[in-house]
Amino acid sequence: LVSYPINNLRKRLKHAIADQIQEIWLTGQDTGAYGLDRATNLVELLTQLGQVQGQFWIRVGMMNPNHVYPLLPELIDAFNNPKIFKFIHLPVQSGDNNVLQMMNREYTVTEFKHIVTCFRKAFPYMTLATDVICGFPGETEQAFEETCSLLQSINPDVVNISKFFSRPHTPASTMSQLSPHVIK
C-alpha cells in the first residue's frame, strides 16, 4: 500500500481545476485503504480535497467493506460535501459468509448490508455499484442463492459479475475447483 500525501493530491487537484477539469476520480486498488500507511485516512483526504476552491466534483473509487466499516459515520459526513458524487463502489463478492471467509475477505454480509443501509439513509438517490465472483471453490448452490438473494434485497444500480478463475500460486489455486459449466 502506497498512499500519495494529501498535500500532493491537493496540488494536483488545483492544477486540474486550473486546466478546467471538473470531474476528478480518486482511484486505487482500494480507496478505502487510503492513508493506512500514512497515519491518515480517506475521510481526511476527502475533507481536505473538498475544501479546495473551484467548481469540480470528486468520484471516489472502489472501497472494500472492511476499510469502510470502521470509518462509516465520518465517511458519510465527508460525502455530505456537495463536491463529492453520491456514488459508492462497494464489492460484496459473495452473499455467503462462508464463501467470504474462504476468499479471505475481512468483512461479513451483515457489515456490507449495514454500510449500504447507512449510505442509502444519508443519500437516498446515491448510486451503488458492487462486484460478485461466481464459482469460487467451495461455493455451494445455497451460497450462490444467498448471493442472488442479497442482490435482490439491496438492489444495486451496477453489478459487475465475474466468473472465478484460478490464479497460479494463490490459496484458491490449491482448492477443489468447480466445473466451468457450474460456474457459468
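These entries record what I looked up in the predicted model of this chain.

**Basis.** I worked from a predicted model in which local features need pLDDT of at least 70 and side-chain atom pairs count only at pLDDT 80 or more, while totals for chains, interfaces and linings use all residues. Residues are numbered from 1 along each chain as its sequence is written, and side-chain values use heavy atoms, with hydrogens and water left out.

**Overall build.** I noted eight helices and five strands in the chain; helices (H or I, at least four residues) and strands (E, at least two) are DSSP runs, numbered from the N terminus. From the N terminus on, the order of elements is α-β-α-β-α-α-β-α-α-β-α-β-α. The C-alpha trace spans about 55 × 35 × 30 Å along its principal axes.

**Helices α2 and α4.** I looked up how helix α2 (residues 42-50) meets helix α4 (residues 72-79): they pack at an angle of about 15°, and their axes are 9 Å apart. Axes here are lines fitted to C-alpha atoms, for helices over the stretch in contact, with angles from 0 to 180 degrees between N-to-C directions. The two helices are therefore roughly parallel to each other, a term for angles under 35 degrees. On the α2 side I found L42, V43, L46 and T47 in the contact, and on the α4 side E74, L75, A78 and F79; contact means heavy atoms within 4.5 Å. By class, these residues are six nonpolar, one polar and one charged. Nonpolar covers Ala, Val, Leu, Ile, Met, Phe, Trp, Tyr, Cys and Pro, charged covers Asp, Glu, Lys and Arg, and the others, Gly among them, count as polar.

**Largest pocket.** I recorded a volume of about 790 Å³, that is, the space filled by probe spheres set on grid points joined across faces, edges and corners. On a 1 Å grid over the protein atoms alone, with a 1.4 Å probe, a pocket is an open set of points with protein on both sides within 12 Å along at least five of seven lines, and lining residues have an atom within 4 Å of a point. There are 28 lining residues, and Q93, M103, R105, I133 and R167 lie nearest the centre. Strand β5 gives the most to this lining, with three residues. The lining has 12 nonpolar, 10 polar and six charged residues.

**Second largest pocket.** I recorded about 530 Å³ for its volume. Of its 21 lining residues, Y4, L9, W25, L26 and T27 are the closest to the centre. Helix α1 supplies the largest share of the lining, four residues. I counted 14 nonpolar, five polar and two charged residues in this lining.

Note on methods. Parallel < 35°, antiparallel > 145°, perpendicular 65-115°, else oblique.
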